[in-house]
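Here is a short report to read alongside the structure. Keep the 3D view open and find each part as it comes up.

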Amino acid sequence: MEPVYDKIGVGYSQFRKPDPGIATAICNALGNSEKVLNVGAGTGSYEPKDRKVVAVEPSSEMIQQRPVGAAPVHQATAEDLPFEDDEFDAAMALLSIHHWNDYRAGIREMQRVSQQRIVIFTYDPEFFGFWLTDYLPEITEIDLPAFPAMEEFHALPGTVTIETVPIPHDCTDGFMCAYWRRPEAYLDANVRSAISTFSKIGNVSQGLNRLESDLKSGEWERKYSELSSLEEINLGYRLVVVEDW
Ligand SMILES: C[S@@+](CC[C@H](N)C(=O)[O-])C[C@H]1O[C@@H](n2cnc3c(N)ncnc32)[C@H](O)[C@@H]1O
């Protein structure tokens, strides 16, 4: 079957640039791991330059967008990693596991090939409160079933820590909630094309017309006035670290 990102990944690297604050959180979560596997690596965002990184990515379209000098990449899937047991110090998967056919198998594979820790950047499906769902409630229906509940991570073998990753107001990685303080961005079809959820929603025009009209009338600012003074916000993004299994 053709990897989904062969279709929806076109133009990804233009709108999905690693955010410096999120990069620091990921780097800290990797601890002193030297040999790191990046699973669902996409175009190579957040691959630390000061460690030995190997990438796994199923989509040719995403692989093509990896910059010159990026880590070597294997075209494979998380569920069947082409590596020996304990070949890496750490394995990370960043905004990827909700796309896997079987995330439990993928996580098992990450623990098999990694000696010390796994790091997963994901979204807590029990978090509610992103304003865009007031306009497009379909987002919730599409996204929530794809993300594992935090209890699933707590049940994994090993010591599990889960921390909140706050999203800055000028986040450079254009994922779903990145534009929480730049609402007009969601009206741009190019911005939306770098957010996989939008490829699964049918017709967004009704919801987006309401957003546009609220932006024009000042209603959006009135409704969400508390956002304008915030530099960063908790919107449900989490960094899961599992060690010592
Ligand atoms: C939203 S992108 C994230 C890419 C990158 N980790 C980043 O942070 O920019 C999700 C990635 O997961 C990949 N993916 C989808 N199914 C996968 C699977 N079964 N195993 C590994 N990666 C997969 C997609 O091809 C895509 O590159």
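## Around the ligand

The shell around the ligand is made up of 11 nonpolar, 9 polar and 3 charged residues. In total, 23 residues surround the ligand. The closest are Tyr5, Gly40, Gly42, Ala78 and His99. Keep in mind that this is a predicted model.

## The whole chain

What does the chain contain? Its secondary structure comes to 12 helices and 9 strands. Along its principal axes, the C-alpha trace spans about 60 × 35 × 30 Å.

How does the radius of gyration fit a compact globule? For 245 residues, such a globule would have a radius of gyration near 18 Å. The chain has 18 Å, so the two agree. Of the 245 residues, 38% count as buried. Now take the contacts between residues at least 6 apart in sequence. Of these, 68% join residues at least 24 apart.

Strands of a sheet pair through backbone hydrogen bonds, and they can run parallel or antiparallel. The next section follows one strand and its two pairings.

## Strand β4 and its partners

Is β4 mostly covered or mostly open? It is mostly covered, as 6 of its 7 residues are buried. Strand β1 (residues 35–39) is joined to β4 by 4 bridges, and the two run parallel. Two residue pairs show this link. Asn38 has Met92 in β4 as its bridge partner. Val39 has Ala93 in β4.

β4 also pairs with strand β5 (residues 114–123). This pairing is parallel too, over 6 bridges. Here the bridge partner of Leu94 is Phe121 in β5. A helix belongs to this part as well: β4, helix α5 (residues 103–113) and β5 make a right-handed β-α-β unit.

## Asp19, a buried residue

Find Asp19 in the loop between α2 (12–15) and α3 (20–29). Why does Asp19 count as buried? It has 22 C-beta neighbours inside 10 Å, and the cut-off for buried is 20 or more.

Which residues does Asp19 touch, leaving out those up to four places away in sequence? They are Pro168, Cys171, Thr172 and Asp173. Another link spans the sequence. Asp19 and Ala178 are 159 residues apart along the chain, yet their C-alpha atoms are separated by 9.9 Å.

## Two aspartates with positive phi

Most residues other than glycine have a negative phi. Phi of Asp86 is near 55°, a positive value. Phi of Asp244 is also near 55° and positive.

Where do they sit? Asp86 is in the loop between β3 (73–74) and β4 (88–94). Asp244 is in the segment after β9 (237–243). Asp86 is exposed, because it has 12 other C-beta atoms within 10 Å, and 12 or fewer counts as exposed. Asp244 is exposed as well, with 9 other C-beta atoms within 10 Å.

Technical notes. Residues are numbered from 1 along each chain as its sequence is written. This is a predicted model: local features need pLDDT of at least 70, side-chain atom pairs count only at pLDDT 80 or more; totals for chains, interfaces and linings use all residues. A residue is near a molecule or strand if its C-beta atom, placed from the backbone, lies within 6 Å of it. Ala, Val, Leu, Ile, Met, Phe, Trp, Tyr, Cys and Pro count as nonpolar, Asp, Glu, Lys and Arg as charged, and the others, Gly among them, as polar. Two residues are in contact if their C-beta atoms, placed from the backbone, lie within 7 Å. The radius of gyration is taken over C-alpha atoms; the globule rule is 2.2 Å times the number of residues to the power 0.38. Two strands pair if DSSP finds at least two bridges between them. A crossover is right-handed if, with the strands pointing away from the viewer, the path from the first strand over the helix to the second runs clockwise.
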